[in-house]
Amino acid sequence: MEQAKYEAIKPGVLRHSVVNWVFVTIGVYLIAIVLLVLGIVLQLTGTINNFLTAQNMLNIIDAVSMLGIVAVGMAFVTYSGHYADLSVPTTMALTGIVAVEMLKFGFVAAMLSAIVVGFVVGLINAVAIGKFRANPIIWTLAVNYMSMGVIRLVWVNKQIYPDMTASTVRASEMFDAIFRLRFFDKIALPMVMMIILVIVLQFVMRRTKFGVQLKMTGAARTPARFSGINVERMIAIAFIICALTATIGGLAVTSLNRVGAWYNGKGYEFKAVTAVVIGGVTLAGGRGSIIGVLGGVLVIGILNNILTLLGVGTFSQDMIRGAIFIIVVFVNARSLRKMGRDYE
Amino acid sequence: MSSKTSKGIRREKTLVFIDKNRIFILFGVVFLFMAIFAPRFMTTFNLTTIMRTTAMNATAAIGFTMILIIAQLDLSIGTIITFAGVVGLGLKQYIGYGGSIPIAILAGCLIGLINGLLVAKAKISSFIVTLGMLTILQGAIYTITRGNSISLSSPDAFAVSDWLSKMLIPLITPRVVITLILVAAFTVFLRFTRVGRNLYMVGGNRQTAWLAGINTDLYTIVTFVISGFTAAVGGVLFAMEGAAATLNLGDTSLMYVISAVIIGGTAMSGGKGGVLKSFFAILSLDVLYNGIILFGLGNEVKIFIAGVILATVVLYEAYTQYKHDKTVGQRSELLKEVDQLKEKLRASKQKIAG
């Protein structure tokens, strides 16, 4: 790190700046294009079939849409310089199970109560981390434990089904059907929601006062505070956005699984972090964009799709995904360092 | 803060002492409570069970404590535990325990080495590296075993397990001895050797440590190797328990070890903490969980209480730091002056208004 400061100034290092600039600016979409080309080549050579069809492309997006919903929220936490919100999986499970339980008061009550619960979890994180500066990883881990404990205590290790709790058949059917809704018979609701969230949150991150102040907070907290930004509020809002997107993701998972249970949402925290970081939001904070995160989600989707078409097992896919994750972050961080934008 | 009488200083010193040694006090309180109230707690059998579970998690906690001391993070210890268990048992039928156990432990060291090189030399955040390693290892474990858990049933499969559980004196089995030796060795290493003290410096302020002539990269790499080593030893101890390795052997260990080490007083920000404290934290949690089960309460209470304890400790530490940041450098006599000025201002305003 100390040497890097001087490396950045040396003229010889700047020779590669064009390559580095490409990596940093287009970054993740370059990988997505490479993967797409790889898929097309594999199809042309006859190794895999049905890669380049409209249906398969839709399937790719469909498969990662819920991950996308969670990841765009998680991106705000990473953007604010707070690594990740590890309480996401149980937030998803908790909001889902609450919604199923509240179906006895009707569909609207179920949705509203889920959102309220998600908001409260976000608020708890926001106060502890934003106000009292608790360590984000450990704190959200503790919240993860506690909400898991709440689920297990209240519902005594049981799973609950919408058709058993709902007062009317209509409410339960609506709950099951809402996330199965398809536009033009093809485009599923989670996909639409993901795209809407990406557009809205990209706007929020880049074009609003909040977004700009959050960027400053994430990049340099103390200078941000001294320049009059209410950093505590910025961080708090970031965590609340994350909890709310996790709520939407949780409702979707619960609705699609037709069951409210403690294990809904398991593994989403690490998957979302992978997507966010591949997408170019650096852990140091203040850098990246939601469009980039969408790219990260798509890369994961295309990769999984190609590997599945190749007949690679789920678990070998894990290994490849992990390796690509490390390599992408390495290249990205190295390019930033060589360009002199980052010292660490 | 304003009047620092000798009494006040003494009181402050006591508070600092309590804060520093809170884990020993916590352990004492929990142990006494369980000893008095929990049924069948003070039986040799029960205490042996506690020592056994502690032995396995505590080994992994040694490495994790050192990782936190140099201000890094290792999320891969859970999967290293599983990996070592799977390798240790899986290779047994080919080369026997004499070959498979050293290979399992070496594999742990190697994974640690890769982690360390990526963190120190490639300069990738340890959160990312070990998260990626977690994913890779999980895939590797399932690919190697094809998704089946390994359990041996040949007559000599339990040889190591039996030896590890042989009672030397009440409560003390070779398993516990191994752990205690490791804990003692690393405590001495961290407390009394120059290299050990340097580790704290690397964690406290990396740049200063580098300027002081410490090879920070080497220290980071070696610490990751140690973390891999202790996790692998823990994994082997886990697996030898019943000569069986399930594929989620170490999944709960990660969270368990992280919370225990934090509760023990090792800070995420680095440069603080100790192996002995982590050991007692693991012991306290084990005693607590054991007591909860003895009271007839279920797993769900255990999870909830674990979360509450961890949250309390984290919040307490954060709040202390928050208050410290707010009051540090403040001089009470100047603040008093400000108050007087404010008072004057208010009075003059009232005069104008009136």
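This is a predicted model: local features need pLDDT of at least 70, side-chain atom pairs count only at pLDDT 80 or more; totals for chains, interfaces and linings use all residues.
1. Between chain A and chain B there is 1 residue pair in polar contact, with both residues at pLDDT 80 or more; a polar contact here is a pair of N or O atoms within 3.5 Å, where within protein one must be able to donate a hydrogen and the other to accept it, and residues adjacent in sequence count only if both atoms are side-chain atoms.

2. Residues are numbered from 1 along each chain as its sequence is written, chains are lettered from A and ligands numbered from 1 in the order in which they are written, and side-chain values use heavy atoms, with hydrogens and water left out.

3. On the side of chain A that touches chain B, helix 7 of chain A gives the most, with 12 residues, and the residues of that side divide into 28 nonpolar, 6 polar and 7 charged. Ala, Val, Leu, Ile, Met, Phe, Trp, Tyr, Cys and Pro count as nonpolar, Asp, Glu, Lys and Arg as charged, and the others, Gly among them, as polar.

4. The model scores ipTM 0.83 and pTM 0.86, while chain B has a mean pLDDT of 87, with 99% of its residues reaching 70 or more.

Key: pLDDT is the predictor's confidence in each residue, from 0 to 100. Helices (H or I, at least four residues) and strands (E, at least two) are DSSP runs, numbered from the N terminus.
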